[in-house]
Amino acid sequence: MNLPGIRARLRLAAALALLPLLALTACGSGDTGGTAPAGAQASPAPTDDPVAAVRTVDSVAALLPADVRKAGTLRVGSSVGFPPGAYYPNGADKAPEGQDIDLADAVAKVLGVKLERQDASFETILPALGSGKYDVGTGNFGVTTERLKTIDFVTYINDGQGFAVRKGNTALSKKVTDLTQLCGLTIGTGAGTTFEATLTAQRGVCAKAGKKPYEVKVYSENAATLTALQQGRIDVIMSTINGLRHQAAQPASQTTFLGEFHRLDVGFAFKKGSPLTKAFQAAVNELIKDGTYARILDKWGTSASAIDTSRINPPEHT
């Protein structure tokens, strides 16, 4: 009996059992849904509550349509399962927490409305806005030229695209500044994300450089992407800057963040022509002005993504 080999396999199995609890973000910029199992600890959530002191600002609430003010509620399609944006640190049977949760809740308090939050997979939220299922979508949605054709955005952070590898991986050990660095490798990313769109659009760069093309594997859940990386089925993950930084800070994930590749504004998403955008923009700017915004980002370790002012439908970063 090969006891050292058995022990090694048991250690690997135990490590892989933790992976669903360390779901990374593949959002925003584009991301996937996926949630940690009930009762699971993804990573401890900060305990401070900067949203508690937020109050309704009548001049901002007045920007909402009369029917919304009368109803007093907004339906939110929320992609949950990607720390530090939105996840279940105390299990899926408890309320979600994260930067996006706090920002949306703070905006709602400024506007004097309640949120009816519905969990949804990332790739389903934007189409559902057009059908009227949700009034607003959250999920680290990046502002892109293509999305602006059908979606309105109110920005609240500046995040973007980055890469990560398994710790100790030597196939890719420095910051990715050009996709030709990925030639010959297998890249994992989330379905319906800007990452998938970028990799698909640029698939020909390796052939032009005379190199073997990269392969893209798309996953519908964040934990599945990380598991694939740890098992060696993919070489690198493309996801959000903040999500990959957060993931690399969790020792059990055993990943290394390779730096920023492309910045993107991230915002609340609405159907095109929504009458809610001006009210949301004013609410975000109110939170920036009174300091709540900075406290929320500091709480979740995302202060490097802070914006000075919220904008409606800014052009995509080039």
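Visitor: What should I know about the source and the numbering?

Guide: This is a predicted model, where local features need pLDDT of at least 70, side-chain atom pairs count only at pLDDT 80 or more, and totals for chains, interfaces and linings use all residues. Residues are numbered from 1 along each chain as its sequence is written, and side-chain values use heavy atoms, with hydrogens and water left out.

Visitor: What is the average pLDDT?

Guide: The protein chain averages 87, and 86% of the residues score at least 70. pLDDT is the predictor's confidence in each residue, from 0 to 100. Over residues 1-41 the pLDDT is below 50. Beyond near neighbours in sequence, that stretch has 136 contacts in the model, a contact being heavy atoms within 4.5 Å.

Visitor: How many helices and strands are there?

Guide: The protein chain has 11 helices and eight strands. They are DSSP runs numbered from the N terminus, with helices being H or I of at least four residues and strands being E of at least two.

Visitor: And how much counts as buried?

Guide: 53% of the 318 residues. Buried means under 20% relative accessible area, exposed over 50%, and partly exposed in between, with a 1.4 Å probe and protein chains only.

Visitor: Which residues have the most contacts inside the largest nonpolar core?

Guide: Val107, Leu111, Phe268 and Phe280, in a core of 34 residues. Strand 1 (73-78), helix 4 (99-111), strand 4 (151-166), strand 8 (255-271), helix 10 (277-290) and helix 11 (292-300) each supply at least two of its residues. Helix 4 gives the largest share, seven residues. A nonpolar core here is a set of buried Ala, Val, Leu, Ile, Met, Phe, Trp, Tyr and Cys residues joined through side-chain atoms within 4.5 Å.

Visitor: What does Val107 touch?

Guide: Leaving out residues up to four places away in sequence, Val107 touches Phe268, Phe280, Ala283, Val284 and Leu287.

Visitor: At what angle do helix 4 and helix 10 pack?

Guide: About 105 degrees, with their axes 9 Å apart. The axes are lines fitted to C-alpha atoms over the stretch in contact, and angles run from 0 to 180 degrees between N-to-C directions. Helix 4 and helix 10 are therefore roughly perpendicular, the term for 65 to 115 degrees. On helix 4 the contact involves Leu103, Ala106, Val107, Val110 and Leu111, and on helix 10 Ala279, Phe280, Ala283, Val284, Glu286 and Leu287.

Visitor: Switching to helix 6: which residues are buried?

Guide: Thr194, Phe195, Thr198 and Leu199, within a helix that covers residues 194-201. They lie on the same side of helix 6, because they cover an arc of only 130 degrees around the axis. Among what covers them are strand 4, strand 5 (186-190), strand 6 (215-219), strand 7 (236-240) and strand 8.

Visitor: Which residues does a cis peptide bond join?

Guide: Pro83 and Pro84, with omega about 5 degrees. Pro84 is in the loop between strand 1 and helix 4.

Visitor: What about Asn140, buried or exposed?

Guide: Asn140 is buried, at 4% relative accessible area. Asn140 sits in strand 3 (residues 136-142) and has a positive phi of about 60 degrees, although it is not a glycine. Asn313, in the segment after helix 11, also has a positive phi, near 50 degrees, and is partly exposed at 25%.

Definitions and conventions: Arc of directions from axis to C-beta. Parallel < 35°, antiparallel > 145°, perpendicular 65-115°, else oblique.
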